[in-house]
Amino acid sequence: MVNVVCKRHAELSGPLRDALGCYRHQVFIQRLGWDVTSTSPLPDREFDQFDHEGTHHIIAVDDHAQVRGCARLLPTREPYLLGEVFGYLCDNDPPADGNIWEISRFSASGELTPGLAMQVFWYSLHRAWLMGANSVVAVTTQSLERYFLRNGVKLSRLGAPQRVKGERLIALSFASYQPEGMQGAADFAGRSRLSRA
């Protein structure tokens, strides 16, 4: 079973924060090879300047307290990844609006739970909508854009794709309320414990 929860950074217990940092290090630094500097004082944990008291984390945790997926939500009225680092991917100025949030650090390990990646994504959009977001923006790859489209996600581009360190990166915008996603989350809730806590 997988339990998907939303917690503010300041609300994370020590063990959950540690497990999240380890999972992100394994995914983003070890597996994907991202050249990022962690702000964690502990080795082999990945956090950055956008992980702070007000950050909202979406975390998928299994029955053994292992993190199986994650995402990060921030309102764009605060400093956020697209606005601070990848603004050049947008044709216009990056959003700076309390009604527009960003999703970043999105990942899921679906070996044990097929479809977990999309469930984490739909859940993230729904949480952003519950917190007042009309839309959600992200920096991602063209391959992930195609994955979203195959899974029925309604999206639009904020600019043309650009090659960055060997990857074709793109800035996208998603409506935070998408009925298909709500149905998908409801279907998943029948197979696991999908929490709004």
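A salt bridge is taken here as a side-chain nitrogen of Lys or Arg within 4 Å of a carboxyl oxygen of Asp or Glu. In this predicted model, arginine 105 meets that criterion with aspartate 48, the closest N and O atoms being 3.1 Å apart.

**Salt bridges**

- Arginine 105 belongs to strand β4 (residues 100-108), whereas aspartate 48 sits in the loop between α1 and β2, so this pair ties together parts that are 57 residues apart in sequence; both arginine 105 and aspartate 48 are buried.
- Arginine 24 is paired with glutamate 46 in a salt bridge whose closest N and O atoms are 2.8 Å apart. Because arginine 24 lies in helix α1 (residues 14-31) and glutamate 46 in the loop between α1 and β2 (56-62), the pair ties together parts that are 22 residues apart in sequence. Both arginine 24 and glutamate 46 are buried.
- These two pairs belong to a network of salt bridges that links Arg24, Glu46, Asp48, Asp51, Arg72 and Arg105.
- Glutamate 145 forms a salt bridge with arginine 157, with 2.9 Å between the closest N and O atoms. This pair links distant parts of the chain, since glutamate 145 is in helix α4 (residues 142-150) and arginine 157 in strand β6 (residues 155-157), twelve residues apart.
- The two partners are set apart by their accessibility: glutamate 145 is buried, with a relative accessible area of 5%, while arginine 157, at 44% relative accessibility, counts as partly exposed.

**Nonpolar cores**

- The largest nonpolar core has 27 residues, of which Ile58, Phe121 and Phe174 touch the most other members.
- Two or more residues of this core are given by each of the elements β1 (2-8), β2, β3 (67-75), β4, α3, β5 (135-141) and β8 (167-175), and the largest share, nine residues, comes from α3.
- Phenylalanine 121 touches Ile103, Phe106, Phe148, Val153 and Phe174, when residues up to four places away in sequence are not counted.
- A second, separate core of 14 residues includes Leu89, Ile100, Val164 and Ala171.

**Surface patch**

- Trp129, Leu130 and Tyr177 make a nonpolar surface patch of about 300 Å².

- Serine 135 is found in strand β5 and counts as buried because its relative accessible area is 15%, which is below the cut-off of 20% for a buried residue.
- Leaving aside neighbours within four places in sequence, serine 135 is in contact with Asn99, Ile100, Trp101, Ser173, Phe174, Ala175 and Ser176; among these contacts, Phe174 is also one of the residues that touch the most other members of the largest nonpolar core, and Ile100 is included in the second core.
- Glycine 152 is found in the loop between α4 and β6, where glycine 152 counts as partly exposed at 35% relative accessibility.
- With neighbours within four places in sequence set aside, glycine 152 is in contact with Trp122 and Gln178.
- Glycine 152 and arginine 31 are 121 residues apart in sequence, and their C-alpha to C-alpha separation in space is 27 Å.

Technical notes: Residues numbered from 1 in each chain as written. Predicted model: local features only at pLDDT ≥ 70, side-chain atom pairs only at ≥ 80, totals over all residues. Heavy atoms only, no water. Patch = residues over 30% accessible without salt bridge, like charges linked within 9 Å, V, L, I, M, F, W, Y side chains within 5 Å. Areas by Shrake-Rupley, 256 points an atom, 1.4 Å probe, with all protein chains shown as cover. Helix = DSSP H or I, 4+ residues; strand = E, 2+ residues; numbered from the N terminus. Buried < 20%, exposed > 50% of the residue type's maximum accessible area, 1.4 Å probe, protein only. Core = buried A, V, L, I, M, F, W, Y, C linked by side-chain atoms within 4.5 Å. Contact = heavy atoms within 4.5 Å.
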